[in-house]
Amino acid sequence: MAIVRMTLEEAREAMRNMPPERRARLDAMTDDEIERRALEDPDAQPMTDEELARAVAGRSVRLSRQRDGLSQPEFAARYALPLDTVVALEAGSLLPDPALEAYLGAIERDPQSVLRSLAESVR
């Protein structure tokens with residue numbers, strides 16, 4: 001079965017246009033049955049806590065980078081990070097340790113202060 005992406009409004013419209021018998025079957029499903037069926041689908045497994053944490057960290061880095069209009073190499077160079085680290089974070093394959101998480105949080109909250117601190121440490 002092909003994956004179909006649609007907006008919430010498109011999904012609502014599809015539900016409105018569904019044949020009544022199919023709509024009745026879906027409406028009759030309990031929350032437990034919906035959850036059981038979702039868990040049985042190997043392509044729709046919930047994220048583990050670690051996977052979710054990696055995804056959140058990666059999104060945060062990407063949004064910080066995009067806010068400043070930087071490419072991954074530019075972001076890495078600006079904040080003295082290894083490019084491989086930035087790439088892995090954004091891909092969700094790296095969970096930052098507490099020190100890196102704090103540094104990334106500082107970049108997200110106040111990038112100019114981080115840049116000033118980096119400039120002062122070079123002197």
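**Stop 1: helix 4 against helix 6**

Select helix 4, residues 49-67, together with helix 6; the two pack at an angle of about 120°, and their axes are 6 Å apart. Keep in mind that this is a predicted model. How are helix 4 and helix 6 placed, oblique or parallel to each other? Angles of 65 to 115 degrees count as roughly perpendicular and those over 145 as roughly antiparallel. Helix 4 and helix 6 are therefore oblique to each other.

Now show the side chains where they meet. On helix 4, pick Arg-54, Gly-58, Val-61, Arg-62 and Arg-65. On helix 6, pick Val-86, Leu-89 and Glu-90. Colour this contact by class: 3 residues are nonpolar, 1 is polar and 4 are charged.

**Stop 2: the largest nonpolar core**

Next, select Val-61, Leu-70, Phe-75, Ala-76, Tyr-79, Leu-81, Val-86, Leu-89, Leu-100, Leu-104, Ile-107 and Val-114. These 12 residues make up the largest nonpolar core. Which helices each supply at least two residues of this core? They are helix 5 (72-78), helix 6 (83-91) and helix 7 (98-109). Helix 7 gives the most, with 3 residues. In soluble globular proteins, nonpolar side chains tend to be buried together.

**Stop 3: a pair of rings**

Stay in the core and zoom in on the aromatic rings. The structure holds 1 aromatic pair. Its members are Phe-75 and Tyr-79. The ring centres lie 5.0 Å apart, with 55° between the planes, and the pair is tilted. Are these two residues buried or exposed? Phe-75 is buried, and Tyr-79 is buried too.

Now click on Ile-107. Leaving aside residues up to four places away in sequence, Ile-107 touches both Phe-75 and Tyr-79, along with Arg-67 and Val-114.

**Stop 4: helix 7 against helix 8**

From helix 7, the contact takes Tyr-103, Ala-106, Ile-107, Glu-108 and Arg-109. From helix 8, it takes Pro-111, Val-114 and Leu-118. By class, this contact has 6 nonpolar residues, no polar ones and 2 charged ones.

**Stop 5: Ala-106**

Finish on Ala-106, which sits in helix 7. Why does Ala-106 count as partly exposed? Its relative accessible area is 24%, and a residue counts as buried under 20% and as exposed over 50%. Beyond residues up to four places away in sequence, Ala-106 touches Pro-111 and Val-114.

How values were computed: Residues are numbered from 1 along each chain as its sequence is written. This is a predicted model: local features need pLDDT of at least 70, side-chain atom pairs count only at pLDDT 80 or more; totals for chains, interfaces and linings use all residues. Side-chain values use heavy atoms; hydrogens and water are left out. Rings of Phe, Tyr and Trp (its six-membered ring) pair if their centres lie within 6.5 Å; planes under 30 degrees apart count as stacked, over 60 as edge-to-face and the rest as tilted. Buried means under 20% relative accessible area, exposed over 50%, partly exposed in between (1.4 Å probe, protein chains only). A nonpolar core is a set of buried Ala, Val, Leu, Ile, Met, Phe, Trp, Tyr and Cys residues joined through side-chain atoms within 4.5 Å. Helices (H or I, at least four residues) and strands (E, at least two) are DSSP runs, numbered from the N terminus. Contact means heavy atoms within 4.5 Å. Axes are lines fitted to C-alpha atoms, for helices over the stretch in contact, and angles run from 0 to 180 degrees between N-to-C directions. Angles under 35 degrees count as roughly parallel, over 145 as roughly antiparallel, 65 to 115 as roughly perpendicular and the rest as oblique. Ala, Val, Leu, Ile, Met, Phe, Trp, Tyr, Cys and Pro count as nonpolar, Asp, Glu, Lys and Arg as charged, and the others, Gly among them, as polar.
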